[in-house]
Amino acid sequence: MSLVAFSRNQIRKLLTKESNMILENKIPDYESLEMKFQDISEFGLYLHIPFCRQICPYCPYNKEIYQPEAAEMYTRAVKKEIDFYSGLFGDKPVTSFYIGGGTPTTMLHSGLGNILEHIFENLNMQCDIHMESHPNDLNSDNLNTIRSLNVENLSTGVEALQDKYLRILNRPYNTKEVKAAIERTVNKGFRCFNVDFIFALPNQTYAELEQAGHELVEMGIDQVAAYPLFYFPYTKMGESAKQSNYNIPNIFYLLVSLTLMWTDFRGSGQYHVP
Ligand SMILES: C[S@@+](CC[C@H](N)C(=O)[O-])C[C@H]1O[C@@H](n2cnc3c(N)ncnc32)[C@H](O)[C@@H]1O
Ligand code: SF4
């Protein structure tokens, strides 16, 4: 480990006090959950589908590459979890239901329908279904399947409407293809069709963003959820941003690190940054 990496670790340990933290993998028992939920009159449900056909370099979510066998195992596990919670909830209504990911549409033909059936048989569902999707999954057949699952509100990760930005994000489609997917979906008449968008991309101008916004409105989408590009440190983009910005050994940084380490080794618990 380099001196800079070592110093950085020491600073992190000092600032977060992580060595005093205890992480536990503890599954609460039925009785304690029953007590916890007894005064709650309604519930919201979130179903996570942790599979994607590719891993995007900026994405922080909990996911892995889609494999049919893993999807089958996951279906069985989720149904077991629903059985557990249906005993706890009884007839209390579920008033919001969101299916997110990862990419829920990876499981359209391998377990999603089965899970939804199980949810509707065992819980008192009193709400619409909202679901995320990937633009490449929005062909006509899949859109019909999504409608047949009674998904009323659909969201999809378009992210950009100019090829150069789609390439930066390593999205597996071009502008023409994603616009065709948007048009197909708009014509399916969902109650709400949301498009996710990422802005503040390298060298992106306001005019380019404005143009994309106008195009989306003209295409007839109902809603845009726009996020600035976050560089999460444990993603590929986060790692390369860190390397290009912070990897130069810095004498001031080293001095601060050494001072902090010294105060920690003394065990005074007081940290003085010069
Ligand atoms: C679960 S994904 C969307 C569904 C699908 N997996 C897809 O990629 O099309 C949720 C949304 O979070 C946003 N997102 C993911 N990583 C992000 C990041 N690093 N910075 C900003 N927004 C991000 C994107 O807009 C993405 O569409
Ligand atoms: S952005 Fe979407 S497709 Fe890409 S890895 Fe994240 S969840 Fe999967």
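**Close-up views of a predicted model**

**View 1. The whole chain and its surface.** Residues are numbered from 1 along each chain as its sequence is written, chains are lettered from A and ligands numbered from 1 in the order in which they are written, and side-chain values use heavy atoms, leaving out hydrogens and water. Of the 274 residues in the chain, 41% are buried (under 20% relative accessible area, with a 1.4 Å probe and protein chains only).

**View 2. His 118 in its helix.** Here you can find His 118 in helix α4, which spans residues 112-122 (helices are DSSP runs of H or I with at least four residues, numbered from the N terminus). His 118 is buried, its relative accessible area being 14%. Leaving aside residues up to four places away in sequence, His 118 touches Lys 79, Ile 82 and Asp 83 (contact means heavy atoms within 4.5 Å).

View 3. Residues around ligand 2 include Cys 52, Cys 56, Cys 59, His 134 and Arg 171 (each has a heavy atom within 4 Å of the ligand). Sorted by class, this shell holds five nonpolar, four polar and two charged residues (Ala, Val, Leu, Ile, Met, Phe, Trp, Tyr, Cys and Pro count as nonpolar, Asp, Glu, Lys and Arg as charged, and the others, Gly among them, as polar).

Conventions:
Predicted model: local features only at pLDDT ≥ 70, side-chain atom pairs only at ≥ 80, totals over all residues. Helix = DSSP H or I, 4+ residues; strand = E, 2+ residues; numbered from the N terminus. Buried < 20%, exposed > 50% of the residue type's maximum accessible area, 1.4 Å probe, protein only.
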